[in-house]
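Here are my notes on the model you sent. Please read them with the structure open.

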Amino acid sequence: MDTDGTHGSTHDATRRAGQVPKPAGPPPLPPVPLPPVPLPPVPGAPAAGGPPPGGPAAGVPPRPAHAPGPATAFADWLRTPRRPEGPGVWAYGHVPRPAEEPEPTPTRQLVSGALISLLAGLLLWSLLWNGYLGGFWLWPLYMFTPDSWANRLPSVVASYVWYALVAGTLLYGFGRLGRWAELGRRVVRGPAERAAVRARHPEPPAPGGPADPAEWPQLRAAGLDAAADRLRADAAAGRMNDVDAARIRRAWDSVLADPARRAAFADAVHDRGAGACVHPSGARDLPVRAARHDLLARQVRLGTVEDGPRNPYPRRGTGLALDPAVLGTSLLAVGPPGTGKTSRLVRPVVESLALQALAGQAAVVAVCAAGTPLGPDEAYDVVVRIGDPATAHDLDLYGGTTDPDEAATLLAEAFVGDVPGTDVRRAATALAQLLGPFRTAHGRFPGVPELRELLDGVPAALDALRHALHTAGEDGMLRELDARARQAGAHGDPGPLLADRTALLDRPAFHGFFDTTGRHGRPFSLRSLEHPVRVRVDLPERGHADASRMLARLLLAQFAAGATARADRSLFAFLALDDAAHTLTRETVRGVQRLRSANAGVLLALRSLDDVPEELRTPLFGAVGCRLAFSGITTWDGRRFAEAWGTEWVEARDVTSRTVFADQPLTRAVHAFRKLVTGKAVTTDAVTVRQVERERWSASELAHAVPPGHAVLSLTSVRGERAAPLLVRLEG
């Protein structure tokens with residue numbers, strides 16, 4: 001199966017058209033080198049292997065030494081220039097466009113008009129000079145020249161000055177008529193702009209040259225010629241893919257940061273070649289790819305910017321891609337069911353970050369309902385299926401922390417953060433008064449049944465915990481437990497609400513899950529984001545919707561806490577929520593905003609903004625840097641996007657038609673005849689051009705003017721670069 005999103009289709013089109021295209025992406029990693037693609041015979045060309053009779057046929061290109069295969073396609077992919085022109089631009093093979101739209105008048109028309117006006121001017125000058133039109137044009141010269149100047153030098157000078165004035169007037173008039181100035185600007189500015197583009201975007205390096213990426217010049221410059229030769233040989237033999245190239249480059253960057261790793265890197269490349277520094281899982285690629293990726297630029301292509309007046313001219317027709325530079329500001333996507341949020345957005349992004357995890361560049365966690373098509377299980381290192389007894393991994397309810405206060409804060413956000421009027425801090429205090437004593441007495445946090453008993457105030461459970469603390473001499477924790485006992489049953493006590501929410505997880509379907517004793521499965525916690533892990537968490541959305549939303553809130557809160565608490569932030573950490581409905585609280589929105597400085601981000605997909613509390617919608621739009629509106633959203637959802645995208649100054653043209661009333665009889669007769677023929681009165685148009693401030697996208701346009709399969713997307717990078725809202729035709 002082809003691992004690139006377009007390579008397979010290009011290969012089929014090549015066989016149909018009988019041509020050899022330049023590959024547009026990296027090749028897959030086959031178990032053995034693929035056989036070369038046979039070239040079709042060229043009509044009139046000699047048979048393969050035979051000398052051409054009488055020399056090469058005219059117009060027939062020479063036959064290449066070998067047909068393009070995986071190795072040559074991979075080398076071409078490495079050499080293809082990547083031109084980052086701003087956030088969201090697909091850099092692979094990007095050809096920049098001019099900053100402004102060219103004039104609608106074609107250059108050929110300008111040239112022809114200039115030539116015609118030049119010939120007309122020469123003809124008029126010839127007629128004047130040779131006297132065919134009389135001597136009227138010399139009267140001013142005769143009138144202002146004294147008779148005493150006749151046949152003298154001043155008369156000659158005055159004559160030539162007058163000739164120059166007349167010729168200059170003709171040149172100016174016919175030049176304006178033929179638009180010579182515009183043609184001159186276009187002729188002079190065109191080569192200058194092309195030279196500037198070539199200077200900013202040089203041609204790809206020549207194969208085998210000192211700057212050829214396929215020759216690994218960075219290793220040769222460091223004196224590791226043997227390692228570079230081994231990698232070049234593996235690439236030529238088809239044993240290297242795009243993940244290998246990105247992973248080895250990442251490993252070399254770590255060597256530059258820590259020269260002590262140089263010897264280990266050289267030995268690994270010498271022993272394993274393209275398989276050096278492999279991911280701990282041993283995988284060097286995903287089982288299947290559903291999108292087009294460029295791992296050297298760390299991008300995934302989502303679609304193409306629509307070539308229309310709604311988009312800025314430099315972005316029209318260009319590819320649109322996402323990378324960690326823009327995902328680091330977090331992405332909010334809103335669209336009704338069936339618009340492709342999962343297939344056209346969530347899965348490509350998760351797939352891209354999973355490939356980057358294999359290259360040692362990222363850690364990704366995908367949270368979705370059970371059965372959501374986010375790729376096969378083999379594409380992940382950890383798959384947690386909540387409620388499935390056959391799953392090999394469990395979920396750590398406390399996020400891997402050992403601090404009771406931190407664990408209580410995360411649980412309180414997940415359990416009661418969505419309940420209006422509930423004090424989350426008071427709920428966190430109530431949980432901490434139970435978690436701290438239990439961990440002190442037993443060396444672990446309580447399981448779900450034990451936590452429910454403590455929150456319900458079951459006397460046997462509280463007495464057993466009090467006895468264990470008394471035996472251990474933990475008087476401080478006994479005071480915590482007594483304080484919880486005094487607050488139980490008081491007005492505003494969050495204990496009953498916490499117990500009810502805990503009961504959602506204390507169901508037979510979840511028996512054995514969220515275990516803290518280590519007897520059931522291997523617990524996964526979001527404290528492992530310092531490693532390049534690929535995780536998918538399947539939630540039981542169908543049978544336990546409330547429990548699934550609570551777990552999604554817990555995972556979002558744990559991710560925000562774990563990503564910002566990392567000691568090593570070199571890996572890009574990302575959380576993708578396929579359905580973020582009812583998962584956002586005031587504290588998690590603040591946590592999303594803090595992720596930008598922690599080299600982390602989240603993707604929040606929503607069916608509607610109604611799934612977010614009213615008081616959190618404005619802070620949510622301010623917390624994320626990337627906003628995407630699918631086709632079919634409602635006008636009230638579109639109003640939020642319109643307010644977030646703001647306004648811009650545009651040129652408005654107002655045309656006013658006015659009926660012409662003639663005074664002369666002949667003119668009135670002509671107007672009457674024209675009205676009789678055309679059926680319309682004679683009018684004149686008054687055009688008013690002014691600068692007005694208008695919304696970039698109005699709520700009505702977002703609801704009704706976005707075609708199916710399209711979306712409007714604005715991007716912001718972690719460096720502060722912005723891309724205005726773009727109408728994008730999504731792929732997939």
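1. Surface. Accessible areas here come from the Shrake-Rupley method with a 1.4 Å probe, and for residues only the protein chains shown count as cover. The accessible surface of the protein is about 36900 Å². Carbon and sulfur atoms hold 57% of that surface.

2. Ground rules. This is a predicted model: local features need pLDDT of at least 70, side-chain atom pairs count only at pLDDT 80 or more, and totals for chains, interfaces and linings use all residues. Residues are numbered from 1 along each chain as its sequence is written, and side-chain values use heavy atoms, with hydrogens and water left out.

3. Overall make-up. The protein has 24 helices and 16 strands. These are DSSP runs numbered from the N terminus (helices: H or I, at least four residues; strands: E, at least two). Of the 732 residues, 44% are buried. Buried means under 20% relative accessible area, exposed over 50%, and partly exposed in between (1.4 Å probe, protein chains only). Take contacts (heavy atoms within 4.5 Å) between residues at least 6 apart in sequence: 75% of them join residues at least 24 apart.

4. Arg289. This residue sits in the loop between α10 (262-272) and β1 (292-294). Is Arg289 buried or exposed? Arg289 counts as buried because its relative accessibility is 6%. Its side chain has polar partners. One is the side chain of Asp242, at 2.9 Å. Another is the side chain of Asp285, at 3.0 Å. A polar contact is a pair of N or O atoms within 3.5 Å; within protein, one must be able to donate a hydrogen and the other to accept it, and residues adjacent in sequence count only if both atoms are side-chain atoms.

5. Aromatic pairs. The count is 14 aromatic pairs. Rings of Phe, Tyr and Trp (its six-membered ring) pair if their centres lie within 6.5 Å; planes under 30 degrees apart count as stacked, over 60 as edge-to-face and the rest as tilted. Tyr160 and Tyr163 are edge-to-face because their planes stand at 80 degrees, with ring centres 5.9 Å apart. Both lie in helix α5 (residues 153-178), three residues apart, about one turn of the helix. Tyr160 is exposed, at 56% relative accessibility. One aromatic cluster takes in Trp125, Trp129, Trp137, Tyr160 and Tyr163.

6. Positive phi. Two loop residues deserve a look. Trp216 has phi near 50 degrees, a positive value in a residue other than glycine. Trp216 lies between α6 (180-200) and α7 (217-221), and is buried, with a relative accessible area of 2%. Cys277, also not glycine, has a positive phi near 55 degrees. Cys277 is in the loop between α10 and β1. Its relative accessible area is 32%, so Cys277 counts as partly exposed.

7. Phe572. Which strand holds Phe572? Phe572 is in β10 (residues 572-577). At 1% relative accessibility, Phe572 is buried. Leaving aside neighbours within four places in sequence, the contacts of Phe572 include Arg298, Pro324, Leu327, Leu353, Gln361, Asn599 and Ala600.
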